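Morning, everyone. I have one structure to go through today, and I will keep to the contact between two chains.

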Amino acid sequence: MYLGLKEMAHEKLRYALLTGVMLLIALVVFILAGLANGLSQGNRLAVDQWHADNVYLNQQANKSIAGSQLTTDVTKSVTADKLAPMNIASTVLRRTGTNKKINVALIGTTKDAFLIPKLLHGRKPTKTNEIIVSQDLWDRGMKLGDKIKLGQLTQTQTVVGSYGHNMYSITPTIYTDLATVAKIQQGNLRPNQALPIAAVVTAGDSKLKNSSNLQKLSMPDFINHLPGYTAEQTTLNAMIYFLFTMSLAIIGIFMYVLVLQKQALFGVLKVEGIGTGYILASVVTQAIIMSTIGVVVGLGLTTLFGAFAPTNMPFALDFPRLIIDAILLVLAATVGALLSGRTIARINPVAAIN
Amino acid sequence: MENVLELKNVSKQFGSGHVAVTALHDVNFSITPGQFVTIIGPSGSGKSTFLTIAAGLQTPTSGQVLLNGHDLSAQSEKQRLRDRFAHVGFILQGSNLIPYLTVAEQFKLVDRLTHQKFQREEMRHLLDRLDLSKLENNYPNELSGGERQRVAIAKALFHDPDIVLADEPTASLDSARSFDVVKRLISEAHDLNKAIIMVTHDERLTKDSDAVYRIEDGQMTEF
Ligand SMILES: Nc1ncnc2c1ncn2[C@@H]1O[C@H](COP(=O)(O)OP(=O)(O)O)[C@@H](O)[C@H]1O
Ligand SMILES: [Mg+2]
């Protein structure tokens with residue numbers, strides 16, 4: 001250890017550069033993790049805030065809400081502690097008197113549905129053409145009583161309440177009634193038509209009453225089949241795992257090259273009775289110190305980045321996960337350094353005497 | 001007087017069949033505390049092989065090596081490493097100083113390895129004897145070749161080894177400095193009662209030795 005530390009202190013530039021490489025890898029890992037988490041939240045926050053236990057979709061929908069077409073009468077086939085029909089549509093919001101357009105996810109349900117998020121301002125909608133909006137829209141200057149237009153609808157909507165940060169498909173959400181969502185999807189409705197829905201959402205115990213065309217999904221199953229969700233998460237996580245391997249390889253290769261350069265010196269140490277164990281320990285200590293410094297500085301910079309990241313970038317730090325990633329990076333560097341063990345063990349002290 | 005190191009009928013062969021090289025042939029050797037012994041021979045005669053076998057870095061093909069009366073071949077490699085660290089000092093051809101440690105830190109490392117407090121006084125005593133007291137905080141590349149070898153001598157003697165093995169310690173020095181290094185090795189052996197073996201191919205350096213062995217083609221003779 002003493003040896004490794006003294007060498008680092010003496011060869012500052014060399015080891016600082018290597019620490020810099022570790023820092024860059026750590027930074028990329030943490031930012032990717034932040035993006036993965038941000039994208040995940042942007043996709044699922046609305047669903048998480050339902051506090052639901054199951055979602056029933058059309059059997060033919062292949063577990064994807066985008067492919068599930070149902071009507072309100074299917075709610076009769078499900079018994080549950082709490083139950084709500086739900087429909088969802090992507091649309092564009094425009095505040096009257098302005099031309100500014102915002103993409104939103106419009107979620108329709110019944111008036112007293114359990115899945116409506118807890119309000120921060122105002123009240124729940126009680127009649128058609130009343131909506132409540134998420135904090136994300138509130139932050140952009142929307143307030144109670146605002147009049148807005150949704151998509152091609154001619155009727156003006158009135159903001160009567162707002163709830164916390166809530167996203168679906170990386171867009172802010174709006175809650176409204178089922179009829180409004182149906183009109184966004186289909187234009188005008190026929191009189192007495194059964195309203196279209198995408199899913200029946202339940203909380204507590206629930207089961208299908210009789211044979212129907214519904215399929216019961218757990219929440220993780222439902223979320224994994226949200227459009228694009230699994231693909232995004234697997235891609236980003238694959239990149240992160242790849243970077244762990246890269247940090248292992250980079251530290252491994254660098255330490256190996258340094259060991260090769262110092263073979264003669266290590267041979268001399270062995271002549272004097274300093275064993276492979278001590279030499280390897282100082283090499284590993286160096287790797288741990290460099291990767292720890294790189295990772296800690298990386299965490300700092302990532303936090304800073306999070307604070308200044310553009311608001312339209314889905315970036316959210318999940319600190320428990322970052323800590324795990326940080327530990328994995330240091331572990332990878334340690335393993336990389338350990339790979340030099342065989343080379344050190346093979347250095348023959350006899351070669352130092354010639 | 002007890003022998004610190006004794007080689008009995010030691011032979012060392014490399015390879016086998018018609019490519020076999022006999023580096024040492026039936027070598028007998030012994031040294032007692034306070035003795036300065038020179039082994040002289042041309043390049044390729046077996047000097048380094050002798051030193052590595054004496055230090056337990058290689059095992060002889062036949063014969064016995066006794067360090068403080070213990071048979072090295074009866075010991076595990078780990079035990080030999082430990083004994084070498086505790087009882088044998090080395091001075092190598094170039095320099096066995098670690099480039100990124102100051103003179104004092106070279107000594108400190110030894111104490112770190114044995115988990116004991118740095119024996120600064122012992123180091124200062126040795127450095128004083130070798131006229132190095134002002135160089136404690138210098139790095140090896142800030143020293144002259146002669147100073148480096150003197151530091152190597154002090155380091156080899158640190159913590160009271162039973163024997164010091166010097167492999168051509170003057171190879172990189174001019175003749176004035178070579179004579180100085182040999183003179184100092186001799187006085188360390190006599191004053192500190194150490195057994196010191198110096199291997200060299202320079203005839204001029206042998207004149208004040210307590211014993212001189214000549215080695216040629218692996219055959220060692222005393223004269
Ligand atoms: N590991 C080895 N393998 C084969 N031959 C060796 C080996 N080590 C030494 N030799 C041979 O043994 C002889 C003595 O070598 P060495 O002890 O290094 O001589 P010196 O130190 O006197 O120059 C030489 O002929 C050398 O080529
Ligand atoms: Mg030699």
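I will start with how the model is to be read, then take the interface, then one annotated span.

This is a predicted model, in which local features need pLDDT of at least 70 and side-chain atom pairs count only at pLDDT 80 or more, while totals for chains, interfaces and linings use all residues. Residues are numbered from 1 along each chain as its sequence is written, chains are lettered from A and ligands numbered from 1 in the order written, and side-chain values use heavy atoms, with hydrogens and water left out.

Now the interface. On the chain B side 24 residues are in contact with 20 residues of chain A, contact being heavy atoms within 4.5 Å. About 2,200 Å² is buried between chain B and chain A, 71% of it on carbon and sulfur atoms; buried area is the accessible area (1.4 Å probe) lost by two parts on being put together, summed over both.

There are 2 salt bridges between chain B and chain A, meaning a side-chain nitrogen of Lys or Arg within 4 Å of a carboxyl oxygen of Asp or Glu. One of them pairs A:Glu272 with B:Lys155, at 3.5 Å, N to O.

Which helix of chain B gives the most to the side that touches chain A? Helix 3, with 5 residues; helices here are DSSP runs (H or I, at least four residues). Helix 1 (47–54), helix 2 (77–87) and helix 3 (103–113) of chain B each supply at least two residues of that side.

Last, chain A. UniProt, in an unreviewed entry, places "domain: ABC3 transporter permease C-terminal" at residues 238–349; such annotations may be inferred rather than shown by experiment. That span of chain A is 82% helix and 0% strand, with its end C-alpha atoms 44 Å apart.
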